[in-house]
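Here is a short briefing on one chain fold. Look through the model first, then read the points below.

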Amino acid sequence: MIRVMIVEDQKLVRSLLESYIQNEDGYQLAVSIPGAAEAPILCDTEDIDLVLMDVQTEHRENGLAAAKKIRKAHPEIKIVVATSLIDTQVLARAKAVGADSLWYKDGDEGTLMQVVRRTMAGKHIFPDTPPSVEIGTAMSAEFTKGEMKVLRCLVRGLSYNEIAKELGIEPSTVKYHVINMLQKTNLENKLQLAIAATEAKLVVELAEE
């Protein structure tokens, strides 16, 4: 019997994930909690084979930081990151902390359990790219890498000069990227652009580890 821990702060989503596990032959729900900080501790005290880990959990606790701790202390435990955050850095960081697989929550039960079964069989399942979302009248996949770097800084509230200094480019280049993104999205200004990117979960600021 494969014993599963679910870490998910949204009650509806957590209930859904619980039902997926409870309806799957050979799997048993061992622990279901809203916050990531407790997860590594419970892995020390409970018999856990698989963790379904959200990225942003209760009290802004960082699921990827918890996954890193679990991987270090319990390399035998499989970790599947389950997230609705389409930020490409989330995908990259999930791989970097040692997660076994990643699943986007906009998928269905069949897809999740396929990922779970293949992960338990020793596979590593990661999408090539996150799903694309609407930002104004554009799709996020239309943004270039340079534009995304600038957008991340805009979301943090940096000025053009601060962005230029951080990215090692000219302020005029920053402005060029912003104008291009505004033209693509038909949004009116950089504030609207930053808000739209945040609301669509295209850019997220994770709590420090």
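Buried means under 20% relative accessible area, exposed over 50% and partly exposed in between, with a 1.4 Å probe and protein chains only. Helices (H or I, at least four residues) and strands (E, at least two) are DSSP runs numbered from the N terminus. This is a predicted model, in which local features need pLDDT of at least 70 and side-chain atom pairs count only at pLDDT 80 or more, while totals for chains, interfaces and linings use all residues. Residues are numbered from 1 along each chain as its sequence is written, and side-chain values use heavy atoms, with hydrogens and water left out.

**Helix 8**
- In helix 8 (residues 171-185), V174, H177, V178, N180, M181, L182 and T185 are buried.
- These buried residues pack against strand 6 (134-135), strand 7 (138-139), helix 6 (145-155), helix 7 (160-167) and helix 9 (190-199).
- Just after helix 8, N186 has a positive phi of about 60 degrees.

**Strands 4 and 5**
- Strand 4 (residues 78-83) pairs with strand 5 in the parallel sense, over four bridges; pairing takes at least two DSSP bridges.
- A82 sits opposite W103 of strand 5.
- Strand 5 (residues 101-104) is covered on both faces: S101 and W103 are buried on one side, L102 and Y104 on the other.

**Nonpolar cores**
- A nonpolar core is a set of buried Ala, Val, Leu, Ile, Met, Phe, Trp, Tyr and Cys residues joined through side-chain atoms within 4.5 Å.
- The largest has 29 residues; M5, V7, V51, M53 and I70 touch the most other members.
- Helix 3 gives the most to this core, four residues.
- Another core, of 23 residues, lies apart from it and includes I86, L182, L187 and V203.

Key
Contact means heavy atoms within 4.5 Å.
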